[in-house]
Amino acid sequence: MTLDALKERVRAANVETVARGLVISTFGNASGIDRAAGRIAIKPSGVPYDALTADSIVVTTLDGVAQDNRFKPSSDLATHVVLYRAFEGIGGVVHTHSTYATIFAQAGRPIPCLGTTHADYFRGPVPVTRALTPEETGSRYVEATGEVIVETFAGRDPAEVPAALVQGHGPFVWGATPEAAVENAFLLEEIARMAYLTLTLAPGTGAITDHLRDRHYLRKHGAAATYGQ
């Protein structure tokens with residue numbers, strides 16, 4: 001992938017988060033990675049989405065070192081770097097403060113798998129991290145945010161549930177590409193909305209059975225998937 005192509009894909013991914021109603025003001029960011037070329041592209045900090053151009057997208061090394069000084073990278077860059085290092089199969093990361101997913105994050109509650117719509121895209125509950133310690137919210141806060149997500153996924157496949165809720169903060173979502181990460185962020189917000197409304201209507205609702213969950217997830221994502229062309 002050329003550098004120009006990576007920057008344009010990341011610009012488009014950022015703009016798409018706004019188009020899909022996942023981001024207001026400048027509350028969010030999207031990034032992409034070219035592992036072969038050793039670079040990450042990410043939204044510049046605080047720049048309005050309607051002012052974004054491919055040229056304004058910040059390029060860094062895989063260690064998060066900016067390659068020019070024209071724009072500061074997103075303040076969440078270190079979180080993205082930690083996720084790219086830990087989850088080797090991902091190619092894009094999106095952070096939003098989308099309403100319903102953030103409600104669950106603020107409540108410190110995972111999003112339970114209440115139905116097959118959820119199971120089509122997330123194989124089980126979307127987890128919420130533990131609260132960060134006072135030390136973690138100090139000088140290493142942004143990096144520690146990524147580390148607590150990785151900790152939450154110990155023993156779990158991040159491809160099967162490509163999202164986490166950072167307690168008291170909001171969702172971080174990933175995918176094989178920047179475009180896939182945006183799609184997963186959109187789906188996360190929809191299943192969070194469904195879960196919130198379901199639990200409001202029927203507070204005692206429990207998760208669907210594991211076999212029904214897996215039937216729906218694997219028909220789209222398993223080795224013998226039957227959904228689609």
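**Exercise 1. In E6, which residue is the bridge partner of Ala164?**

Before we start: this is a predicted model, where local features need pLDDT of at least 70, side-chain atom pairs count only at pLDDT 80 or more, and totals for chains, interfaces and linings use all residues. Residues are numbered from 1 along each chain as its sequence is written, and side-chain values use heavy atoms, with hydrogens and water left out.

*Solution.* Step one: find the strands. Helices (H or I, at least four residues) and strands (E, at least two) are DSSP runs, numbered from the N terminus. E5 covers residues 163-166, and E6 covers residues 170-175. Step two: check the pairing. Two strands pair if DSSP finds at least two bridges between them; here 4 bridges join E5 to E6, and the strands run antiparallel. Step three: read off the partner, which is Phe172.

While you're there, look at the turn. E5 and E6 make a hairpin with 3 residues between them, and Gly168 in that turn has a positive phi of about 75°. On E5, Ala163 and Leu165 point one way, Ala164 and Val166 the other, and all are buried (under 20% relative accessible area; exposed is over 50%, partly exposed in between, with a 1.4 Å probe and protein chains only).

**Exercise 2. Work out the strand order of the sheet and find its edges.**

*Solution.* Walk across the sheet: the 6 strands come in the order E3-E2-E1-E4-E6-E5, the sheet is open, and the pairing is antiparallel. E3 (58-61) and E5 stand at the edges with a single partner strand each, so one side of each has no neighbour in the sheet. From one strand to the next, the twist averages 20°. Further in, E4 (residues 92-96) is joined to E6 by 4 bridges, and Val94 stands opposite Val173 in E6.

**Exercise 3. Describe how H1 and H6 pack.**

*Solution.* Two packed helices are described by the angle between their axes and the distance between the axes. Axes are lines fitted to C-alpha atoms, for helices over the stretch in contact, and angles run from 0 to 180 degrees between N-to-C directions. H1 (residues 3-19) and H6 (residues 178-201) pack at about 10°, with their axes 9 Å apart. H1 and H6 are therefore roughly parallel (under 35 degrees; over 145 is roughly antiparallel, 65 to 115 roughly perpendicular, the rest oblique).

Next, list the contacts (heavy atoms within 4.5 Å): Arg9, Val10, Ala13, Glu16 and Thr17 in H1 meet Pro178, Glu179 and Val182 in H6.
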